[in-house]
Amino acid sequence: MKFTKKNINLTAIIKKFMDLNTRQLGNYLLLPVSVVFYLLSLVRKFLYRIGLLSTYHFDVAVVVVGNITVGGSGKTPIVMALVKHFKQQGKKVGVVSRGYGGTHTQGSLLVDQNTLASLSGDEPLLIATQSDVLVMVNKNRAQAVRDLITQYQPDIIISDDGLQHYAMGRAVEIVVVDGKRRFGNGFFLPAGALRESVARLKSVDFVINNGAQQAGEYPSKLTPKSFINLSTGVVQPLDFFEKTVCHAVAGIGHPQRFFDTLSELGVLVEPHAFSDHYAFTEKELSFVQDYPIIMSAKDCVKCRQFATQQMWYLYSEADLSDDFLTKLDAKL
């Protein structure tokens, strides 16, 4: 039998034996590797604690927004909400990012609206274009912070991810937890989703729960605001695609959440799930059925070069509680 894309789904087969949110055969087989990963992470943290590895401290406050798991927990919208909060206070804000998925490797890259997502990565470009803020990409986040301070003198710097980047000193640590998936199957990488032990939450300043309520955690919700045409910039209300069949495209950590959101808005969803940070091509978004195409904001920045009037993205904002923001300001 000849295997083709029509009769075999490799991703589905992998998920059948390996899912970071459940405990299946593949997860158990990788547990010995997870033990090694966990031990190495403990050794690394110990070396920073005793000073054999250096942590760089800065005159400007650095706020880290990270997580203890891999996959999409909703950090980037919260980073953008914090940028908005600090800018409303009249502060000059900078953001640093590793630039995951981008090809930039040497030194620091200042991201602006003309930067290609393939160079910077999708999340830095999204933050730079939608928040109108200084975004510096460098695999060495500590160097990105230094370059931001030296070249642009920001009042405060936010690190998109980087909780485990201990070379970068920080004033505040914020961990974002997916309200539904929490910590996956409880195993460490690669058998599970954990980068660090759940006990790490006890040492951070704030834990934000994205999408649910949990004692000791500050609630946050990603709230849809409008549909925006990727080609023309035209803005339409949330009921614009109600009862309309649309292609829903998502190359994010948890595509089903995006599809569910569109369904809740009354969209008749034809789902197309891609891997996180997927680099789309024009051909891949040329569907046989001529339905409108709706994608996430993170995905749309990778499609600007071949955008058509058929393409839209759902603009959303993360809501942060007043209690959290008040305590964050007091901490700083």
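Strand 7 and strand 8 (residues 218-229) pair in the parallel sense over three bridges; strands here are DSSP runs marked E of at least two residues, helices are H or I runs of at least four, and both are numbered from the N terminus. Strands count as paired if DSSP finds at least two bridges between them.

This is a predicted model, where local features need pLDDT of at least 70 and side-chain atom pairs 80 or more, while totals for chains, interfaces and linings use all residues. Residues are numbered from 1 along each chain as its sequence is written, and side-chain values use heavy atoms, without hydrogens or water.

Strand 7 has a parallel partner in strand 6 (residues 172-178) too, with five bridges joining them. Here is who faces Asn-210 of strand 7:

| Residue | Stands opposite |
|---|---|
| Asp-178 | Asn-210 in strand 7 |
| Ser-220 in strand 8 | Asn-210 |

Is strand 7 (residues 206-210) mostly covered or open? It's mostly covered, with five of its five residues buried. Buried means under 20% relative accessible area, exposed means over 50%, and partly exposed is in between (1.4 Å probe, protein chains only). Phe-206, Ile-208 and Asn-210 point one way, Val-207 and Asn-209 the other.

Now for Asp-19, in the loop between helix 1 (10-17) and helix 2 (25-29). Asp-19 counts as partly exposed because its relative accessible area is 24%. Beyond neighbours within four places in sequence, Asp-19 is in contact (heavy atoms within 4.5 Å) with Gln-24, Asn-27 and Asn-185. Asp-19 and Ala-193 sit 174 residues apart in sequence, yet 9.1 Å apart in space, C-alpha to C-alpha.
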